[in-house]
Amino acid sequence: MRVFVPSETQPGERRAAISTDVIGKLKKLGLDVSVQSGATASTFTSDADLVAAGADIVAESDVQAALGSADVVASVRPLNGTAASSLKPGAVAMSFLQPQTDTELINAVAERGASAISFDLIPRISRAQSMDALTSQALVTGYRAGLVAADRLPRFFPLFMTAAGTIPPAKVLVLGAGVAGLQAIATAKRLGAKVSAYDVRPASADEVKSMGGTFVTLDLDAVEGSGGYAREMSQDRAKRQQELLTPYIADSDAVITTAAVPGRKAPLLVTEEMVRTMRPGSVVVDLASESGGNVEGSVAGEEVDIAGVTVWGGRDVASEMPVHASQLYAMNIAAVMGLLTEDGEVTLDVADEIVAGAAVVLNGEVRNAMAREALGLAPLVEPAATDSAEAAQNSEGTS
């Protein structure tokens, strides 16, 4: 059976769904690997490097044929409708797939009688940790956020004691203490800043402290969701949270926001009025800009000036560090393929909670509830699938 990795087509996407380390792992599973010529150029991996690792190179003129003969097509971003229409029945497409918005791909995959797996939907359970691409990419974006804040701030991050006087360390506030937030804390701390952090989940306090940060405690109820994620909060609570955070933001040289609610618009944490309380020259890094933004006025992929404060909106942040982002993502793909492959054959067993959670389309049937709603399809009533989904949800809630 063959795994095919095409070049990414979305502008600005520099990651690849393969690395030389992973090719050997896939071949040990009994799988052949082919890669579109130039697909890994932005990761500084040549076609010759891929061939040396055991992959076949597909010329651009042969991509449609490769898509039509592959058993698995792995990419970072979802295939476009044209590419998906070339899949053969029974093939599996895996990528970061949003079931509510990537309807063109979902329709095309279903019409071909193929399957689609989304890394956005891998259940957060112990058995799936090596497959959790959201976590691996958050590691990259959090690290990058700390560097961006230090780069844009026109002041030192660390403490300096000189003959001319003492320069105090920069004060950095991180909002959201998930994987990205914790890496932002660790990076800013390593650069010498004085770091504090806030999260709606009090359980995050120990993790913040372990990274060298100080946890900000507000007089508010916890907002804990399933799988360790935060859940949406009421408007009254959100407004009160903003009021309580304002003095901390005003006192910071740099603010990094990383809060997200899976499948929904990012929560607004920082209003424009709050940004205006910061000293001119301060920096705000919004990692959630692409999903609506944690900061009012932030624009994905742009820097906006608000009363002398630079607001940096992240867009495809992991692509700014394509080498390790691709390496980590390729390892996630290899872990999923290890689950799906037995004796060189790839099968999707919906009785497995990981497959049940991540399979948006299975052999032509749209199984994901959000995707079915977006496509105007009736809810899928299937006892076995429902039981599996419930098991995945319950496991997430206790992980």
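Predicted model: local features only at pLDDT ≥ 70, side-chain atom pairs only at ≥ 80, totals over all residues.

The entries below follow what I looked up, going from the sheet to the helices.

Entry: I began with strand order and found an open sheet of 7 strands, running β11-β10-β9-β12-β13-β15-β14 with mixed pairing. At the edges stand β11 and β14 (303-306), each with a single partner strand, so one side of each has no neighbour in the sheet.

**Entry: strand β10.** Next I asked myself how much of β10 is buried. I found that 4 of the 5 residues of β10 (residues 194-198) are buried, so the rest of the structure largely encloses this strand. I then looked at both of its partners. With β9 (residues 171-175), β10 pairs in the parallel sense over 5 bridges, and here I noted Val172 opposite Val195. With β11 (residues 214-215), β10 again pairs in the parallel sense, over 2 bridges, and Ala197 faces Phe215 across that pairing.

Entry: I traced the chain from β9 through helix α7 (residues 179-190) to β10 and found a right-handed β-α-β unit.

Entry: I moved on to β12 (residues 254-257) and β13 (residues 283-286), which pair in the parallel sense over 4 bridges. Val255 stands opposite Val284 there. Helix α6 (residues 133-152) packs on the sheet and touches β12, β13, β14 and β15 (309-313). The direction of α6 makes about 155° with that of β13.

**Entry: α6 against α7.** How do these two helices pack, by angle and by distance between axes? I noted an angle of about 35°, with the axes 7 Å apart, and a right-handed crossing. From α6, the residues in the contact include Ala138, Leu139, Gly142 and Gly146; from α7, they include Val179, Ala180, Ala184 and Arg190. Sorted by type, the contact residues come to 7 nonpolar, 6 polar and 1 charged.

**Entry: helix α5.** Last, I turned to α5 (residues 103-111), and asked which of its residues are buried. They are Leu105, Ile106, Ala108, Val109 and Ala110. I checked what covers them: the list includes α4 (81-84), β6 (115-118), β18 (359-362), β19 (365-366) and α13 (369-374). After α5 comes Gly113, with a positive phi near 70°.

Definitions and conventions:
Residues numbered from 1 in each chain as written. Heavy atoms only, no water. Buried < 20%, exposed > 50% of the residue type's maximum accessible area, 1.4 Å probe, protein only. Pairing = 2+ DSSP bridges. Right-handed = clockwise from strand over helix to strand, strands pointing away. Contact = heavy atoms within 4.5 Å. Axes fitted to C-alpha atoms, helices over the stretch in contact; angles between N-to-C directions. Left-handed = near helix turned anticlockwise from the far one by under 90°. Nonpolar A, V, L, I, M, F, W, Y, C, P; charged D, E, K, R; others polar.
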